[in-house]
Amino acid sequence: MRLIALALMMLALLGLAPPAHADVATGQDAATRCALVKPTDDDTISILGRICDRRQRPPLAVPGVTVSVEDADGNQIGEATSAEDGTFVIDLPGTAIEHLGKSYTVTLDESTLPEDTKPEISSRTLTINIDNDQTVLFPIGDAGPVKPGKFTEAMQLMVGGLVFSVVLAMAALGLSMIFGTTGLTNFSHGELVTFGALVAFFIDRLPGRIEIGGAEITVIVGVIAAFVVGGVFGWLNDAALWRPLRSRGTGLVAMMIVSIGLSLFLRNIYQYFAGAQSRNYSQYGAVAPWQIGDILLTPKELVVILLGLAVLVMTTSLLQFTRLGKATRAVSDNPGLASATGINVERVIRIVWVGGAALAGLAGALLGVTQGFDFQIGFRILLLTFAAVVLGGLGTIWGAIVGAFVIGLFTELSTLFVDPEFKFVGALLLLIVILLIRPQGLLGRAQRIG
Amino acid sequence: MDFNDLLTGSLQQALGPTAVVYCLAAIGLNIHFGYTGLLNFGQAGFMMVAGYAMVTMSTIWGGSLWLGVLVGIVLTVILALLLGVPTLRLRADYLAIVTIAAAEIIRQVISAAKFSDKLGGQDGLTGFIKPFREVNPFSEPVGIDGLVRWGPNDFWVMTVGWSLVAVSCLVVWLLMRSPWGRVLKSIREDEDAVRSLGKNVYAYKMQSLIIGGLFGALAGFVVALRSATVGPSFFATDVTFFAYTVLLIGGAARVLGPVAGAVIFWFLITVLDLFFGQATAGANPIIPASIMNDTQASLMRLIFMGLGLMLLMVFRPQGLFGDRRELAIDAR
Amino acid sequence: MPDEKGTLDSGGTEMTLGPVRPASARRGFDVDVEASRRALADVDRTPGVAKPDPILTADNVVRSFGGLTAVDVDHLEVQRGVITALIGPNGAGKTTLFNLLTGFDRPDSGAWSFNGRSLNRVPAYKVARMGMVRTFQLTKVLSKLTVIENMRVGATGQRGERLLAAMLAPLWRSQEDDNTERADSLLERFLLDKKREDFAGSLSGGQRKLLEMARSLMTDPELVMLDEPMAGVNPALKQTLLGHVKSLREEGRTVLFVEHDMDMVRDISDWVVVMAQGRIVAEGPPDAVMADPAVIDAYLGAHHDVELTFEAEEQIHAEAEAEIEQEAQTND
C-alpha cells in the first residue's frame, strides 16, 4: 500500500531575479521552475510537497525552507528542507496502517523563508486517508508582490492554453473522425490517449539511451513510437472488436455501452501494469524556460505547439485534398451513398481507426511530456475531448479542431477570473451554454427529418 | 482458499446496503434509458446532489434528515430541469455527453477546496447519522448462522433500503402499465412518430428525466446512510457506469431487472474480489507476487467487470433474463 | 426542430371529464364532399391558384439547407374534403414541405394556416392536436410495441397519459376500453385484426403502412397527410390501401398525399399539385396535369420522348424506394 499525503506550499516571494535566458545545461543557478513531486515507490507513508512561488508563472522553486511534521501529541516525527527544485520528502516512521486516520501537523519554519514573505498560516493539520492525495496550501498574506499585469498574465496563460489546445485537438480529431464514419460515440477514446503516453514511457524506461550525435533523443523516439504503435492499436481495436460488431449489425447505443466496458477494462489493465502513481519521462522534467518579453516559454512547450500544429495541418490537408480524405468525408456524410458510389467503406473506416488512434496516441505522449501522466490521463481529458467535439459539431473535422481550441484556451484563460480548480468546470459549462444557443455545434448542420 | 468465506462475503454484499444503492440508481436509469431511451450518463450527479443536500441540511443548518430529504428532492427536480432544457430536444448522444459533463461539474464544485469549510472538500462530510441510528430497532447483528451476517447498522440501512426498492418497483410497475408509460416506450421507439400523434414529447421526456432522477436521489440518500458520510469518491463517473451494468445484467425495461441486476452484480464482483484477494494474500500466495500483488488483485474485479459489460452487450443485450424479441435497446 | 417548451402538461387539449363520445359521433365533419369536388371544376389550372374552400393555405414558405433552396412555395391552397396529390421528381422538396407544414421543420420565412389558424411556430404535436396528422415516407411504427398498443398510443386526450393520473388505473380504465374498442374496429377495417398482439416490428412493409395510417386515424384527424403511402406496398395490398384513402374522403376528411405511383394518383386524386426544385410548377385535375408539357419537363428535363419513359422512370423510383424501405425494415 502506498499512501501519500501531498503538501503543496504556496508562497509569495519577492526579489527573486526573473530567469534570464537560462540555458538548459547551466541554468540551474537562476531560479528553477517548480518541479513536480515524484511519489516514492516504497510502502511508507510520506508527506511530500514542494515550495513554490505561485505569483510567478510558471511557479518558481524556493529552496532551503525547513518543513517539520508533528503528531497529534506535539512530538516532532520528521523534518526536511526543500531542495533546489523546491521539493521535499518526509517519511513517516512505522507502517502505513498505524498512520491511517491519524492527524499530523505540517509546519513551515518561517525563519528559513525568504525575508519578505509572511504566510498567514504557517502550520496546517491533515488526516491521513487512503483515498486521496491531500493538498495543503499555505496562502500568503499580501506581502506587496508586484503582480504581473492582466495582459501579461493572459499571454502567459495563452501559452499553456495553446499547448493544451493542440493536444486536445489531436485527440478530438480522432474521436470526431471515428464518430463521423462509424457513428460510434467512443467512451474508450481516452484509453487510446493513455496508450500513447504509456508507449512513450515504455521506450523511456528501456535500458540505455538512444542518441544521435551525442544528443539524447529517447523521448523523441518515444513520442514517435506512441504515434505509430497507437495507430497499430487502433487497427487492433477495430479489427478485433468494432468491425465484427458492425458486421453483426450491433446498434449504436449498444456499441456505446461496449465502449464503456472497454474503457473500464483497459484503464484497469493499464493500472495493473503501470501502477497508479503519476509519472514523468526522464528527459525534459525540469527545464529552465526562455523569457520572451514578460512571458516564460519552455523549449518543449514550443516544440509541442509547433509539432501539434504541423500534425493538425497535415491531417486536415490529407482529409481536404487527397482521394482518401475525400472518401473519408463522403463516408462521414452518408455511408450508404458513399458505398453506392464505389467507395470501400470498410477500408475507409479501417484507415480512420488507424489514423484517429495514432493521433490520440501522439496526444497522449505529448501530454506526458508537458504535464506528466498516469493510467487515467486519457479518461480525465475524455470529457473535455467530447466537449470539444460536440462544441464544434459532432462528426465535423474543422469543428473538432475549432472546438478543441475554444475549450483549451478557455480552460486556461478562465483562471484569470476564477480559481484554477474550477477551470474544467468552466469549460464544461461553456459546452452546455453553447448547446443551448446552437444545438448543432459551432460548425455543425441541422438535420432533416422524415 | 476458503470457499465459505467467499460465499459469506459475497452474499453479504449481494444483499447489503451497497446493492441497494446501485439497485435504486439503476431503477432510475431504467426509467431514463430502458423505457424512454434517454441516455443519462450523469446519474451520479443526481445521487450526489441529493446525498449532499440531505447531509448539509443537518451539518450546516442543523435541520433534520427529513428536511434534508425534502431539500434533496427539490434540488434533484431542479437539476433535471436544468439538464433537460438544453438537451432534450437534441439527439440522444448529446444528452449523454451533457449529463456526464454535468455530473463532473457537480462533483468538482462540491469537492472544491474553496468550499471545503462547508462541504468538506475531498474528505466529505460526517456527523449527521445519529438521528438515523437512534431509531434503529436492531441492536444485535442479524443473519443466518454460518451463512451470512450483517451488523445492526447495516441491517437497518438494508431494511429501509430494500423497502424503498419495493415501493419504487411498485411505482414503476404502476406507471409503466399505464398510457403514460406507453407514451414513454413509444418515444423510445420513435419520437417523431409520437410527436405526429399529438403528444408533447419534450414534456414526457422531461417528466421521465425528473422521475428517474428522483430514484437516483433515493440512491444518494442511501449512500449517505450506508457510509455515515458523503464524499466525492462515492459519486465518480464510474458509479453511473456500474449502475448501467447493473441495469443491463437484469435487463432494461423490466420492472425487476435492476433488483436482479444489483444482487447478481454485487455477488459476482465480491466473489472476484475475495478470490483474488485470497489468492494473493499471505506469505506463500497461490498467485506469486511477481505476477499479481495485492494492489493488482484489487483491480481484477474492475477488469472483469469491463470485460463482462462488453460481452453482455454483445451476446445478451436483453440481460440475463430478458426476451430478445422485446429487447428495449437497439442492439440489433 | 420545433420548440416544444410550452407546457409540462402532457394531457390532451380535448380532455374532458365526461364520458367519451362514441367513435361514430366524434368530430363531425360538416363537408359536402360532392360539392367540394364539383367546386374544383371551376378552378383555374395555374400554380398557386385560390380554392373555393381551402383547409390549408401557405404563403411564401421558404426553406434552404446551406446553399440549396429545398422549398420555395409562393402560394398553395388545399381544398377541403377532397383528395389532393403532391407529385414531383425526387428532391423536389415534397417531404420538406410536409415537414414544414406539420411543424417538424421550421421555414426560413413564410406563413401558413390550417382552418384559418396560423401555424407559424406551432410545434408539431400541437399541429397534430388541431386535426392535421401526417405519416412518414419511411414508416414509423413503434417496433417493440404490439399492434394494438401502437393503435392505443394514437388516441388523443387520454387521462392516463397524465403523470399523476397514470398510477390510478380506475381514472383511465373506461376511457382505455373505449379507445381499444375504436382501435379494434380500425384494425378490422385495415385487415390487421389478426396481427393485434404481434410486435409491430414483425409486420411486413405494407402492413406497417396500413398500421401507420390506421394509427393516425386514431387521432380523428380532419386533414390526413400521407407521405408515399404506396412505397414498398405489394400490389395485392395496393387496392386495399386505395380503398382506404378513398373512404377517408367519404368520411369527410381531407387528404393530401405525396406519391410516385402515377396510377394511384390518377385513380384517386381530385386535384394534383406538381413540385419541382422546391417550387410549385403546375396544378390541376390529374389528367390535365399529366398531359401538361411543363410537368413532363419537370420530371425529365427538356429532352423527353414519350410518356412511357416517364412511367418507366417512376416505376424505377418506386422500386428503388421499396428496396430501401425493405432494407430499413430488416435492419430494425
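Visitor: Is C:Glu149 buried or exposed?

Guide: This is a predicted model. In it, C:Glu149 is buried, because its relative accessible area is 19% and the cut-off for buried is under 20%.

Visitor: Which residue forms a salt bridge with C:Glu149?

Guide: C:Arg152 does, with the closest N and O atoms 2.7 Å apart. Both residues lie in helix α4 of chain C, residues 147-154. They are 3 residues apart, about one turn of the helix.

Visitor: And C:Arg152, buried or exposed?

Guide: Buried, at 15% relative accessibility.

Visitor: What else does C:Arg152 form a salt bridge with?

Guide: C:Glu176, where the closest N and O atoms are 3.8 Å apart. C:Arg152 is in helix α4 and C:Glu176 is in helix α6 (residues 169-189), so this pair ties together parts that are 24 residues apart in sequence. C:Glu176 counts as buried too, at 11% relative accessibility.

Visitor: Which residue of chain B meets C:Glu176?

Guide: B:Arg182. The two side chains meet in a salt bridge, 2.7 Å from N to O.

Visitor: Now A and B. How much area do they bury between them?

Guide: About 4500 Å², and 73% of it is on carbon and sulfur atoms. On the chain A side, A:Ile257, A:Leu264 and A:Tyr272 lose the most area to chain B. Together they make up 15% of what that side buries.

Visitor: How many residues are in contact there?

Guide: 48 residues of chain A are in contact with 49 of chain B.

Visitor: How many salt bridges across that interface?

Guide: The rule finds 2. As for charged pairs between these chains, the side chains of B:Lys114 and A:Asp419 meet in a salt bridge at 3.8 Å, N to O.

Visitor: What's the salt bridge count over all chains?

Guide: It comes to 42. One of them pairs C:Asp270 with C:Arg37, the closest N and O atoms being 2.8 Å apart.

Visitor: Where do C:Asp270 and C:Arg37 lie?

Guide: C:Asp270 lies in the loop between α9 (262-268) and β9 (271-276) of chain C. C:Arg37 is in helix α1, residues 33-41, so the pair ties together parts that are 233 residues apart in sequence. C:Asp270 counts as buried, at 13% relative accessibility. C:Arg37 counts as partly exposed, at 30%.

Visitor: Give me the overall picture of chain C. How many helices and strands?

Guide: 12 helices and 10 strands. The chain has 332 residues, and buried ones make up 56% of them. Take the contacts in chain C with a separation of 6 or more: 70% are between residues 24 or more positions apart. The chain exposes about 13600 Å², and carbon and sulfur atoms supply 51% of that.

Visitor: What is B:Phe41 in contact with, leaving aside neighbours within four places in sequence?

Guide: Residues from two chains. From chain A there are A:Phe187, A:Met256 and A:Ile260. From chain B there are B:Ala96, B:Thr99, B:Ile100, B:Thr240, B:Phe241 and B:Tyr244.

Notes. Residues numbered from 1 in each chain as written. Chains lettered and ligands numbered in written order. Predicted model: local features only at pLDDT ≥ 70, side-chain atom pairs only at ≥ 80, totals over all residues. Heavy atoms only, no water. Contact = heavy atoms within 4.5 Å. Buried area = accessible area lost by both parts, 1.4 Å probe. Salt bridge = Lys/Arg side-chain N within 4 Å of Asp/Glu carboxyl O. Helix = DSSP H or I, 4+ residues; strand = E, 2+ residues; numbered from the N terminus. Buried < 20%, exposed > 50% of the residue type's maximum accessible area, 1.4 Å probe, protein only. Areas by Shrake-Rupley, 256 points an atom, 1.4 Å probe, with all protein chains shown as cover.
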